[in-house]
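My notebook for this one is open. I'm jotting down what I looked up, entry by entry.

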Amino acid sequence: MSERAQLLRQLVSDSWPGAERFFERATPDLSAPQSVGFRALYASVPRRLGALAERSVEPPAELAEATRPHWNLTDYTRAALVASAFATQPDEWQAAAHLRLFEAGEIGEQVSLLRTLPLLPEPARFLETGLQACRTNARSVFEAMVCENPFAAEHFPALNFNQAVLKAIFMEVSARRIEGLDARITPELQRMAAGYKSERLAAGRTVPVDIDYLIQYGA
Amino acid sequence: MLFDPHIHMTSRTTDDYQAMAAAGIRAIVEPAFWLGQPRTHVGSFEDYFLALLGWERFRASQFGIRHLCTMGLNPKEANNSRIADGVMELLRLYVEKDGVVAVGEIGYDDVTPQEEKYFKAQIELAKDAALPILIHTPHRDKKRGTERTLAVVKESGIAPELVLIDHNNEETLAGVLDSGCWAGHSIYPATKMDEQRMVTLVQRYGAERMLINSAADWGVSDPLKVPKTAQAMKDAGISAEAIDTICWKNPVNFFAQSGRFDAKSFDEALAIDQRELFEGNSVLRGQAPRTE
């Protein structure tokens, strides 16, 4: 098991008395993460946690940089499952398996998977999951991908990053919640923002404050 | 008589069909699109296409509404390369089905290279099948996306009169009309276009090659936006002839270019017989069947 998987399991065990038994029973499924068994286990996490599902968790110093305060025990438990299972599998298999887990997930599963994406080794490998996530209509899924999450700014190509920023504004999610936004404001993104401002004004509508933030940035 | 040339009835109820019929809607086009979330198998597309051609057409007919559809791989799902080629293969078959009057909705969403590849491939598919195309224009970076759409259309060599470019606004309409394509407008409760803005556009640009639709789907939308906008145009003093052109003649004439129906036959009302069944299923749940 990887060091990170061990840290995550320990963290979950510190908050949940049933953790040891849960991971013990999960052992056969962890070696076959494409199986229905693993996917069912992943889906069932909040139900097994019961009243603890939404509980916030204080990560150890080793994980402080890679984690975010809004993650809950469900997110950490699922991250522990993914880290444990993926560590047993060949690298070339992981991106497709991650995407499959995302596509077949309901909203809560997708949220956990996206929030904790930066915890996986070499997260750039999971870009396709990130890009597909931005096509969602579900606000919580979109927020999990772009808000308080460094992944988009660190790994999205410019085209997809710019679209994600505009989509945030369309979904009335503050673009300033996109971690690393400022460093990726480019003349092209500013042109797109200005285009949207012009379109809103031509329609007799108000202009979202984020649009002016983008246009005026660096001016 | 009114025509809603872009409405996703699989997401709507029989209450909607009743209200639409009562408001004068006699024909609709249901473009193939996405379901609010991406499909994960090619087979889901096939069952969706079959539902458009089968049960949905039957449901509409039970309320005296003619149901036509367009077939296509929508731009959002064109980004999923694991399914896109399989859907393209299906489309070669489904564009030949009775009741299919265009390839659509196709075009750009995020304006990615993948979207462009399947957009162009579907224009070629339409050319081979001698069908018109219905093009969705993107919501983000709309003006640039629409300009690029027009460039792709021009480069493809498809005749502009076979092209309907949808979801126009104040900033895209002039360019679309100048290109010789037809211009659709989706009248929405809060986004896209509203009734009063549409009235202003008609006053400025006239009725030629202009269409309006509700684009009603599974989101906040209103399947009565065509009748409501027709009323707003009437209230603003726009002529009955212009309203009839926009809300009936233009969509009939545009989609009749498919050669898949006779425009003249649309002048007669569709007979309603609610005693009919589709694969043993009725739209009725204990009510007395209506026949006209």
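**Helix H1 of chain A**

I started with what the buried residues of H1(A) pack against, and found helix H2 (19-30) and helix H5 (73-86) of chain A. Contact here means that the C-beta atoms of two residues, placed from the backbone, lie within 7 Å. Helices (H or I, at least four residues) and strands (E, at least two) are DSSP runs, numbered from the N terminus.

Before going on I noted the ground rules: this is a predicted model, where local features need pLDDT of at least 70, side-chain atom pairs count only at pLDDT 80 or more, and totals for chains, interfaces and linings use all residues. Residues are numbered from 1 along each chain as its sequence is written, while chains are lettered from A and ligands numbered from 1 in the order in which they are written.

Which residues of H1(A) are buried? I got A:Ala5, A:Leu8, A:Arg9, A:Leu11 and A:Val12. They cover an arc of only 160° around the axis, so they sit on the same side of H1(A); the arc is that of the directions from the helix axis to the C-beta atoms. On the other side of H1(A) I found A:Glu3, A:Gln10 and A:Asp14 exposed. My cut-offs: buried needs 20 or more other C-beta atoms within 10 Å of a residue's own, exposed 12 or fewer, and partly exposed is in between, with C-beta atoms placed from the backbone.

I also checked the length of H1 (residues 3-15) of chain A: at 1.5 Å a residue its 13 residues should span 18 Å, and the end C-alpha atoms are 19 Å apart, which agrees. The expected span is 1.5 Å times one less than the number of residues.

**Helix H2 of chain B**

I ran the length check on H2 (residues 42-53) of chain B as well: twelve residues at 1.5 Å each should span 16 Å, and the end C-alpha atoms lie 17 Å apart, which agrees. Its buried residues are B:Phe45, B:Phe49 and B:Leu52. Seen down the axis of H2(B), these fall within an arc of 60°, so they line one face of the helix. B:Gly43 and B:Asp47 are exposed on the face turned away from that buried side. I then looked up the packing partners of the buried residues, which are strand S2 (25-31), helix H3 (55-61), strand S3 (66-71) and helix H5 (81-94) of chain B.

Two packed helices are described by the angle between their axes and the distance between the axes.

From H7(A), A:Ile107, A:Gln110, A:Val111, A:Leu114 and A:Arg115 meet A:Ser140, A:Val141, A:Ala144 and A:Met145 of H9(A). I sorted the residues of this contact into six nonpolar, two polar and one charged. Nonpolar is Ala, Val, Leu, Ile, Met, Phe, Trp, Tyr, Cys and Pro; charged is Asp, Glu, Lys and Arg; the others, Gly among them, are polar.

I looked at A:Glu143 too, which lies in H9 of chain A. A:Glu143 is buried, with 21 other C-beta atoms within 10 Å.

**Where chain A touches chain B**

How many residues of chain A are in contact with chain B? I have 18 residues of chain A in contact with 18 of chain B. On the chain A side, the elements giving two or more residues are helix H11 (158-170) and helix H12 (187-202). H11(A) supplies the largest share, six residues.

Most residues other than glycine have a negative phi, and most peptide bonds are trans. I flagged a cis peptide bond between B:Gly104 and B:Glu105, with omega about -10°. B:Glu105 lies in strand S4 (residues 100-107) of chain B.

B:Arg209 sits in the loop between helix H9 (195-205) and strand S8 (210-213) of chain B, and counts as buried with 22 C-beta neighbours inside 10 Å.
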